[in-house]
Amino acid sequence: KLHGASDFEPMRKAGRLTAEALDLLTEAVRPGVTTESLDKLAFEFAMDHGAYPASLDYRGFRKSICTSINHVVCHGIPDDKPLRDGDIVNIDVTLIVDGWHGDSSRMYLVGDVPRRAERLVQVTYESLMRGIAAVKPGATTGDIGAAIQEYAEGERCSIVREFCGHGLGRLFHDEPNILHYGYRGEGAVLKPGMFFTIEPMVNLGRPHVKVLSDGWTAVTRDRSLSAQFEHTIGVTESGVEVFTLSPAGLHQPTYK
Ligand SMILES: CCc1ccsc1-c1ccc(O)c(O)c1
Ligand SMILES: [Mn+2]
Ligand SMILES: [Mn+2]
Ligand SMILES: [Mn+2]
């Protein structure tokens, strides 16, 4: 889908509110807090700001956020289990504002986290940044995937292949698919007005994933740690605009 210049403004608003929701959660994440309570916080933030959580009742998912802890790769379901010292948790929020979607996720470190977990979080954040740096008119989706894959594998980590980034706007998921691996020059050519997410999932161990019997929770097969960061971006005439940057600069890896 190609959007017009006037569509950037509502996407900025949706992206900013999504970033503010993630900022709010930064203060709330600590040992002993349940992911259910974070889900409630995010839902109330959305209601207080005239926004709607896109994941709520999306394909039968019944929560406002995804919370994916440690070896959970993505789509973790908030529950009544408390976060523990040393956990790393991805919180993924999509807010719909005036019909437009902002989709972003960050890693949150709970208490004192092992060095190798902290390194994985840093590598994953930098992988997203490398992907974003590849975005400009005339580049291809393969350029994004290659930049991410080369960096992450260069850091002795692996890229999850079962889930990808996606076009969005007034829809939650649209074309193009954004693979987090691939080859330069391959895939769709990027054009101004394209809006999509880049949301690499990086594992310390092997890339393979399986989905648990709840039908949602994706975990690493080898139970190695997994991390993810996600931004919603727009292709501009000159390059790229990131819609989901934190106004408070909190989108950097969050260290407790
Ligand atoms: C939990 C929302 C959901 C349900 C099926 S796929 C999905 C989802 C979760 C996070 C995302 O970033 C995304 O694009 C989709
Ligand atoms: Mn998301
Ligand atoms: Mn997404
Ligand atoms: Mn994880």
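**Figure 1. Accessible surface and overall form of the predicted protein model.** The protein exposes about 10,900 Å², of which carbon and sulfur atoms supply 52%; accessible areas come from the Shrake-Rupley method with a 1.4 Å probe, and for residues only the protein chains shown count as cover. Of its 256 residues, 57% count as buried, where buried means under 20% relative accessible area, exposed over 50% and partly exposed in between (1.4 Å probe, protein chains only). The secondary structure comes to four helices and 15 strands; helices (H or I, at least four residues) and strands (E, at least two) are DSSP runs, numbered from the N terminus. This is a predicted model in which local features need pLDDT of at least 70 and side-chain atom pairs count only at pLDDT 80 or more, whereas totals for chains, interfaces and linings use all residues; side-chain values use heavy atoms, without hydrogens and water. Residues are numbered from 1 along each chain as its sequence is written, while chains are lettered from A and ligands numbered from 1 in the order in which they are written.

Figure 2. Donors are N, O and S atoms within 2.8 Å of the metal (3.2 Å for Na, K and Ca); water is not among the atoms, so sites may look incomplete. Asp92 lies in strand β4 (residues 88–97) and Glu230 in the loop between β13 and β14 (231–235), so the pair ties together parts that are 138 residues apart in sequence. Asp92 counts as buried at 12% relative accessibility, and Glu230 is buried at 0%. Asp103 bridges this ion and the manganese ion (ligand 3), the two ions lying 3.4 Å apart.

**Figure 3. The site of the manganese ion (ligand 4).** Here the protein donors are Val72 (O) and Ser226 (O), at 2.2 to 2.5 Å from the ion. Val72 belongs to strand β3 (residues 72–74) and Ser226 to strand β13 (residues 226–228), so that distant parts of the chain, 154 residues apart, are linked. Both Val72 and Ser226 are buried.

**Figure 4. The open sheet that contains β13.** Three strands, in the order β6-β10-β13, form this open sheet with antiparallel pairing; two strands pair if DSSP finds at least two bridges between them. The edge strands, β6 (158–159) and β13, each pair on one side only. Strand β10 (residues 201–203) and β13 are joined by three bridges, and Met201 has Gln228 of β13 as its bridge partner.
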